[in-house]
Amino acid sequence: MATKIAPAEGKLGVLLPGMGAVATTFIAGVEAVKAGLGKPFGSLTQLGTIRLGKRTENRSPTIREFVPLAPIENLVFGGWDIFEDDVFTAASKAGVLEKELLGQLRDKLGSIRPMPAVFDQKYVKKLSGPNVKKNKNWMEHAEALVDDIHSFKKRNGCDRAVMVWCGSTEVYLEGSDVHQSLDKFEKGMRENDPNIAPSMIYAYAAMQAGIPYANGAPNLSADFPALLELANKKGMPVCGKDFKTGQTLMKTILAPGFKARLIGVAGWYSTNILGNRDGEVLDDPESFKSKEVSKLGVLDYILQPQLYPDLYGNIHHVVRINYYPPRGDNKEGWDNIDIFGWLGYPMQIKIDFLCRDSILAAPIVLDLALFLDLAQRCGMKGIQEWLSFYFKSPMTAPGLYPEHDLFIQLMKLKNTLRHLRGEELITHLGLEYYD
Ligand SMILES: NC(=O)c1ccc[n+]([C@@H]2O[C@H](COP(=O)([O-])OP(=O)(O)OC[C@H]3O[C@@H](n4cnc5c(N)ncnc54)[C@H](O)[C@@H]3O)[C@@H](O)[C@H]2O)c1
């Protein structure tokens with residue numbers, strides 16, 4: 001039976017804590033698409049199709065025909081940053097999109113100015129900026145963010161809104177006592193508990209204001225019992241963590257292939273050079289630790305060494321990121337993969353991915369905004385595992401291991417859409433064609 005889905009009427013606010021390279025490439029990109037200056041390549045919501053029924057039925061509508069998504073014409077953008085630059089200036093400084101393209105969008109982008117941020121340098125050591133809120137404790141900060149959200153919606157005539165964290169990677173924090181229940185977390189907010197980081201305040205405020213939350217960075221943010229309790233209480237969908245772009249995207253494409261053909265892996269050495277602000281922030285060992293944990297988990301879960309000890313029981317997996325300013329946002333990711341086949345004979349694969357970080361991340365922000373809005377209109381709440389497709393370190397229910405294989409993630413996403421529309425799930429069994 002199909003799920004009742006509220007219509008996608010009116011404007012949808014997309015609120016972004018962190019208006020740096022990814023956020024501005026996303027906003028400028030959507031405006032460019034609206035103006036007919038480019039195409040939204042990389043976006044499943046804009047270009048993807050979905051097969052329905054049997055292969056013989058030839059039913060493959062586009063995803064946006066199949067489920068009621070907000071049209072990009074109805075998106076309105078806002079956000080927060082510690083720097084005062086409007087989106088045109090920030091996009092020009094980020095240096096991802098060409099000046100000529102940005103020039104054509106100057107009025108639109110120049111009119112979007114970041115609201116003062118909730119920020120503390122303790123959590124992002126390499127940054128400091130003037131555009132920050134001055135409140136006494138985390139709870140007051142959260143209340144100020146809730147006010148920001150309500151006044152943004154009012155000012156822009158938005159019917160609904162979503163929040164996608166595009167801020168810097170915060171230092172590594174593990175879940176502690178203060179994260180275990182909403183009561184403890186709110187007490188910790190009033191007492192400025194040091195285990196609470198700014199991204200958690202944004203996530204808390206989003207849910208309190210009735211808007212879904214996605215986390216594009218690897219920091220904890222909403223991935224602990226207290227905020228999941230709030231998400232369930234408020235009926236808010238949440239997802240994260242850490243956009244799956246460049247090197248990890250490649251890893252989750254290749255590793256399932258090795259496992260499918262029972263090809264062994266002795267080692268996987270990954271290194272990156274990048275020169276944008278994200279690279280500078282990750283040059284701090286404590287922020288890098290958040291990223292490293294997120295990047296390292298992937299292979300273990302895909303290759304399942306506990307089930308295949310001879311093939312994957314002794315992998316040397318190393319991930320390095322080096323800040324190298326000349327490269328800007330155009331990262332270079334090298335992988336050396338030592339594999340082995342029949343009788344243990346060794347082989348090597350080298351990948352040199354000359355990628356553009358924010359070009360890969362922007363369509364993910366768009367899809368997450370539209371799918372989270374859909375989820376809310378369907379009454380879905382808590383962790384949205386079907387959106388794992390977009391993350392390096394997907395959030396899952398406690399005790400459940402995350403699914404990292406990109407192709408299983410895509411099947412999960414599409415089957416969720418089929419389920420919402422009351423269509424048959426596709427299992428790929430296919431015996432019926434040979435009866
Ligand atoms: N580009 C990718 O491929 C990719 C992939 C995965 C994850 N990410 C993550 O996405 C995030 C954004 O990446 P980016 O390249 O745009 O980085 P960026 O440095 O260009 O932008 C981040 C912005 O966040 C702001 N900021 C930091 N703390 C803030 C706070 N508390 N409140 C408001 N603003 C705050 C910074 O001032 C900066 O402008 C990073 O955490 C990055 O690790 C990016």
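Mentor: What follows is a set of labels, each set against its cut-off, for a model that is predicted.

Trainee: Why is the pair of Phe185 and Phe224 called tilted?

Mentor: The ring centres of Phe185 and Phe224 are 5.4 Å apart, and rings pair if their centres lie within 6.5 Å. Their planes stand at 45 degrees, whereas under 30 degrees would count as stacked and over 60 as edge-to-face, so the pair is tilted.

Trainee: What makes this pair a tie between parts of the chain?

Mentor: Phe185 belongs to helix 8, while Phe224 sits in the loop between strand 5 and helix 10, so the pair ties together parts that are 39 residues apart in sequence. Both Phe185 and Phe224 are buried.

Trainee: How do you know that Tyr301 and Tyr401 are stacked?

Mentor: The angle between the planes of Tyr301 and Tyr401 is 10 degrees, with 6.3 Å centre to centre, and planes under 30 degrees apart count as stacked.

Trainee: Why does Tyr401 count as partly exposed?

Mentor: Its relative accessibility is 49%, and the label covers values between the 20% limit for buried and the 50% limit for exposed, so Tyr401 is partly exposed. Tyr301, at 38%, also counts as partly exposed.

Trainee: What makes Lys289 lie over the face of Tyr172?

Mentor: Lys289 is at 5.1 Å from the ring centre of Tyr172, where the distance limit is 6 Å and the charge must also be within 35 degrees of the ring normal; Lys289 is therefore placed over the face of that ring.

Notes: Residues are numbered from 1 along each chain as its sequence is written. This is a predicted model: local features need pLDDT of at least 70, side-chain atom pairs count only at pLDDT 80 or more; totals for chains, interfaces and linings use all residues. Side-chain values use heavy atoms; hydrogens and water are left out. Rings of Phe, Tyr and Trp (its six-membered ring) pair if their centres lie within 6.5 Å; planes under 30 degrees apart count as stacked, over 60 as edge-to-face and the rest as tilted. Helices (H or I, at least four residues) and strands (E, at least two) are DSSP runs, numbered from the N terminus. Buried means under 20% relative accessible area, exposed over 50%, partly exposed in between (1.4 Å probe, protein chains only).
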